[in-house]
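Me: I would like to learn how to read a protein model feature by feature. Could you walk me through one?

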Amino acid sequence: MASKFLYGAAFATVLGALVLGAAPAAMAANWQSLTSNEGGFTVMMPAGYVNEKAPVDMGGAAKANNISYRVESDGAYWGVSATDYPQAATRDPSKMLANARDGALKRWNGALLSDKPITVAGKPAREVTYDVIDNGTTYTVRQRFILVTPQRVVQQAYVGKPGTQ
């Protein structure tokens, strides 16, 4: 599953100890706590993750800072990232989260299955589920977008075979 979908941007597009997705049995014992001081979050992730810092293109000359962690194992992918948007990009929280959702769907040509507003540790958030097709195979994505500050969106994603979310 190491494809353009999974590694194209490490979900340029979590607070507390959040876990998304069902881990395959072989991975269940390999989960560990990951604290990113720079990203400002702590999550549970499967062991063996990689870290990447990269700017996110927002169109024109605008860039956002992004730090991400990701791991792929047994045909599944987990990722978490924090994106700091420039002051000029700050908007209404619901619009910011809707824009993050729309950007992910557009980037991956996703077919939306569900979308619901949620809160995570008292912060506004959205949880979306969508299907994507990569190299002829359908994957289901479960992704959370959490607005932790007026400029920072933390994203958490699980990608796997349909029905494993």
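Reply: Here is a short tour, from the overall fold to single residues. This is a predicted model, in which local features need pLDDT of at least 70 and side-chain atom pairs count only at pLDDT 80 or more, while totals for chains, interfaces and linings use all residues. Residues are numbered from 1 along each chain as its sequence is written, and side-chain values use heavy atoms, with hydrogens and water left out.

Me: How many helices and strands does the protein chain have, and what pattern do they follow?

Reply: Helices (H or I, at least four residues) and strands (E, at least two) are DSSP runs, numbered from the N terminus. Here the protein chain has 2 helices and 9 strands, and along the sequence they read α-β-β-β-β-β-α-β-β-β-β.

Me: What share of the 165 residues of the protein chain counts as buried?

Reply: Buried means under 20% relative accessible area, exposed over 50%, and partly exposed in between (1.4 Å probe, protein chains only). By that scale, 47% of the 165 residues are buried. The chain exposes about 7,700 Å², of which carbon and sulfur atoms supply 51%; accessible areas come from the Shrake-Rupley method with a 1.4 Å probe, and for residues only the protein chains shown count as cover.

Me: How do β1 and β2 pair, parallel or antiparallel?

Reply: Two strands pair if DSSP finds at least two bridges between them. Strands β1 (residues 31-36) and β2 (residues 41-46) run antiparallel and are joined by 6 bridges, with L34 opposite V43 in β2. Together they form a hairpin with 4 residues between the strands, and G40 in the turn has a positive phi of about 80°.

Me: Which residues other than glycine have a positive phi?

Reply: Most residues other than glycine have a negative phi, and most peptide bonds are trans. Another is A121, near 50°, in the loop between β6 and β7. N109 counts as exposed because its relative accessible area is 68%; A121 counts as exposed because its value is 63%.

Me: And which residues of the largest nonpolar core touch the most other members?

Reply: In soluble globular proteins, nonpolar side chains tend to be buried together. A nonpolar core is a set of buried Ala, Val, Leu, Ile, Met, Phe, Trp, Tyr and Cys residues joined through side-chain atoms within 4.5 Å. The largest one holds 19 residues, and Y130, V132, F145 and V153 touch the most other members. The elements giving it two or more residues are α2, β7, β8 (137-147) and β9 (152-160), with the largest share, 6 residues, coming from α2. Apart from this core lies another, of 18 residues, among them V71, A76, V80 and V120.

Me: Is N66 buried or exposed, and which side chain does its own side chain contact?

Reply: N66 lies in strand β4 (residues 63-73) and counts as buried because its relative accessibility is 8%. A polar contact is a pair of N or O atoms within 3.5 Å; within protein, one must be able to donate a hydrogen and the other to accept it, and residues adjacent in sequence count only if both atoms are side-chain atoms. The N66 side chain makes such a contact with the side chain of T83, at 2.7 Å.
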